[in-house]
Amino acid sequence: MSNNITAIPFTQMDGTQATLGDYAGSVVLIVNVASKCGLTPQYDALETLYEDKRGEGLVVLGFPANNFAGQEPGTNEEIVAFCKGRFGVQFPLAEKISVKGPDIHPLYSALIEAQPAATANDPSELMAKLDEHGLGPESASDVAWNFEKFLVNRSGEVVGRFAPDIPPEDDRVLSAIDAALS
């Protein structure tokens, strides 16, 4: 992992600084997560995926974000307690960040630049509902909602992006992960 995306710092939940470079040689599934979202049950599938594939080199990395309808209002401590207590989350979590707007975290800016479009369901009930309520993304490249997923290969290249309503156990996600792991 030698490109610039792997050098962008972020803070882990324990307060230590990290970069994707710390996961060099691993495949990393980066997910913006939220505790009070209709998609929050994806935590179960993310944890299962992490447990099933971490021996092969997969890391799931959660980034709590409160950008979508205030669905991640908690403190970092409350988020950790919720994730571990409700879903048994063992995969790494970063401190809460912004994944869109003027205060977007530099890592998310780089992820979006590297992979401007997400694989999406067509039609998407989620996107139709968001648009109906005026909550859809402002641009096609914006993170659409909680639980959007970016896949980074062992070389630090962004090789996939999946819409929020494509769950971690979807064949499109699993195939991309397996290809990156092989």
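**View 1. An open sheet of 4 strands in the predicted model.** Two strands pair if DSSP finds at least two bridges between them. By that criterion, in this predicted model, 4 strands form an open sheet with mixed pairing, in the order β4-β3-β5-β6. The edges are β4 (58-64) and β6 (158-162), each of which pairs on one side only. From one strand to the next, the twist averages 20°.

**View 2. The pairing of β5 with β6.** These strands run antiparallel and are joined by 4 bridges. In β6, Val158 stands opposite Val152.

**View 3. The aromatic pair Tyr50 and Phe91.** The model has 10 aromatic pairs. In this one the ring centres are 6.2 Å apart and the planes stand at 80°; angles over 60 degrees count as edge-to-face, so the pair is edge-to-face. Tyr50 belongs to helix α1 (residues 42-53), while Phe91 sits in the loop between α2 (76-87) and α3 (106-114), 41 residues apart. Tyr50 has a relative accessible area of 11% and is buried. Phe91 is also buried, at 3% relative accessibility.

**View 4. The aromatic pair Tyr108 and Phe150.** This pair is edge-to-face, with 5.8 Å from centre to centre and 90° between the planes. Tyr108 lies in helix α3 and Phe150 in strand β5 (residues 149-152), so the contact ties together parts 42 residues apart in sequence. Both Tyr108 and Phe150 are buried.

**View 5. An aromatic cluster that includes Tyr50 and Phe91.**

Methods. Residues numbered from 1 in each chain as written. Predicted model: local features only at pLDDT ≥ 70, side-chain atom pairs only at ≥ 80, totals over all residues. Heavy atoms only, no water. Phe/Tyr/Trp six-rings, centres within 6.5 Å; stacked < 30°, edge-to-face > 60°. Helix = DSSP H or I, 4+ residues; strand = E, 2+ residues; numbered from the N terminus. Buried < 20%, exposed > 50% of the residue type's maximum accessible area, 1.4 Å probe, protein only. Axes fitted to C-alpha atoms, helices over the stretch in contact; angles between N-to-C directions.
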